[in-house]
Structure formats: C-alpha cells, structure tokens
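Work through the exercises below with the model open. Try each task before reading its solution.

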Amino acid sequence: MTSAQIKETLIRVTKQAYADRMFAATSGNLSMYDRETGHMYITPGSYPYEIMTVDDVMIIDLDGNIIEGIHKPSSEWRMHAAVYRNDDTVNAIVHTHSPYATAFSINHLPIPVTLFEIVYFLGGDIPVADAAIPGTDAVGENCVKVLNERYGCLMANHGALAVGDTLDRAYTRAVYIEDAAHAYSIALTHGPVHVIESKDINKILGK
C-alpha cells in the first residue's frame, strides 16, 4: 500500500469505529505499521474523530520521532510500538474503550471461551493485561505478555486491544471482543455460564 492508501484505510476504519461507539470523545487509538519503511501511521492525540481527515494522520517511527504530521501522535504510541516490535505478523492495532469490554477490564475479569467465534477470531479466551499508567512503555509491555497465541486482550482499567495483519482484521477482532463481553455480561445475569470444552477448542485450533 502507498502512504496515501494507508492513511485512507486508517481514517476509514477509525470513522467506522467511532460510528460503532467503540470509543467516545477522543479516547481510543488505531495504527498501521509499514514494515518496509519502518513507519507507523497512527491517529493523533486528543483530536475529535468527527473532523479527522487523512491530513491529520501522524507518521512516526517506533521511537516516537515524527516523520510527518501536524499534531502530536496518540499518547499511546509506545503501546503500539511495543506490540509491533514483539510480533512481526502484526501490522495493525485497534485500541477501544467499548463499554462491555471496558467494564470487564475494570473488574479485571478475563472473558472465557463462551462463544465459538472467540476461538476462530481471537484464538481463545480474552485475557486481561496488568494495569499500567497510560502513555507509558508498561502499557504495551503488559499487553505483549498476554497476547501469546491471542489476537486481542483486555487492558486493566483501560479498555481493549486487538491486533491483526490488516487493520480491517484487527477491527473485526475488536468488534468480537465487545460482542463476547456483551453476551457474557448478559449470560452472567441468567444463571451458570457454560464454557466451550478444551477438546473442542483444540480441534478448532488444530491442536
């Protein structure tokens, strides 16, 4: 993809996430990483999504040096950089504050495998990364620790994170995290929750 195409994709998915109420005001952040150039394309910090355009996308390197852009990058750029450094299959990241997933992150409660879609799209249960002060290296480092064989996690008291080789795939996973959290929350009010058995999970994963 060209630089222009990356920017257009980032804004398209960002606008979709905002329309889907995956975050409010200026919370949340999305990025794409071009491994050929070493450039990260990321949403600007504290800038309204309603008026965001391709001209507002920030381009930085993994050390936070600004390559192009008129704003400051998202304050969570270090989190994105940590994930990109750790996993060379990840080229896109979506960090949301979707309400049900965020609620479980506040409870520090992982979401068990209650739906088959969680296995297909996220690799298994949805773990909780330890809490860390926003904007610090520890946010990303804690996510990396729990993303092993997973494509998404909750971030204690902070929301959810989803990754993918493309931004569309990462966003789909973010949607499934919220959907799973929503369904699980309702199920807990109905009675005992029955999780999918390990043998069936292993069959799906080819283990």
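## Exercise 1: a histidine in a loop

A polar contact of 3.4 Å links the side chain of His 158 to that of Glu 76. The model is a predicted one.

**Task.** State where His 158 sits and whether His 158 is buried or exposed.

**Solution.** 
1. His 158 belongs to the loop between strand E7 (152–155) and strand E8 (159–164).
2. Check accessibility. The relative accessible area of His 158 is 11%. Buried means under 20%, so His 158 is buried.
3. List the neighbours. Leaving out residues up to four places away in sequence, His 158 touches Glu 76, His 95, Thr 96, His 97, Ser 105, Pro 134 and Val 139.
4. Return to the side chains. Among these neighbours is Glu 76, the partner in the 3.4 Å polar contact.

## Exercise 2: an asparagine in a helix

**Task.** Find which backbone oxygens lie 3.1 Å and 3.5 Å from a polar atom of the side chain of Asn 142.

**Solution.** 
1. Locate Asn 142. It is in helix H5 (residues 137–146).
2. Asn 142 has a relative accessible area of 11% and is buried.
3. Collect contacts. Not counting residues up to four places away in sequence, Asn 142 touches Ala 129, Asp 130, Ala 131 and Ala 132.
4. Pick out the oxygens. The backbone oxygen of Asp 130 is at 3.1 Å. That of Ala 131 is at 3.5 Å.
5. Thr 89 is 53 residues from Asn 142 along the chain, and their C-alpha atoms are 18 Å apart.

## Exercise 3: helix H6

**Task.** Compare the span of H6 with the expected value, then list its buried residues.

**Solution.** 
1. Count residues. H6 has 24.
2. Compare spans. From first C-alpha to last, H6 reaches 35 Å, close to the 34 Å expected at 1.5 Å a residue.
3. List the buried set. It holds Leu 167, Ala 170, Tyr 171, Arg 173, Ala 174, Ile 177, Glu 178, Ala 180, Ala 181 and Tyr 184.
4. Recall the geometry. An α-helix has 3.6 residues a turn, so residues three or four places apart point the same way.

## Exercise 4: the largest pocket

**Task.** Which element gives the most to the lining of the largest pocket?

**Solution.** 
1. Take the volume. The largest pocket has about 260 Å³.
2. Name the elements giving two or more lining residues. These are helix H1 (3–19), strand E1 (29–34) and helix H6 (167–190).
3. E1 gives the most, with three residues.
4. Find the centre. Of 14 lining residues, Met 1, Ile 6, Met 32, Tyr 33 and Asn 91 lie nearest to it.
5. Classify the lining. Six residues are nonpolar, three polar and five charged.

Methods: Residues are numbered from 1 along each chain as its sequence is written. This is a predicted model: local features need pLDDT of at least 70, side-chain atom pairs count only at pLDDT 80 or more; totals for chains, interfaces and linings use all residues. Side-chain values use heavy atoms; hydrogens and water are left out. On a 1 Å grid over the protein atoms alone, a cavity is a set of points where a 1.4 Å probe fits but cannot get out, and a pocket is an open set with protein on both sides within 12 Å along at least five of seven lines; lining residues have an atom within 4 Å of a point. Grid points are joined across faces, edges and corners, and a volume is the space filled by probe spheres set on the points. Helices (H or I, at least four residues) and strands (E, at least two) are DSSP runs, numbered from the N terminus. Ala, Val, Leu, Ile, Met, Phe, Trp, Tyr, Cys and Pro count as nonpolar, Asp, Glu, Lys and Arg as charged, and the others, Gly among them, as polar. Buried means under 20% relative accessible area, exposed over 50%, partly exposed in between (1.4 Å probe, protein chains only). Contact means heavy atoms within 4.5 Å. A polar contact is a pair of N or O atoms within 3.5 Å; within protein, one must be able to donate a hydrogen and the other to accept it, and residues adjacent in sequence count only if both atoms are side-chain atoms. The expected span of a helix is 1.5 Å times one less than its number of residues.
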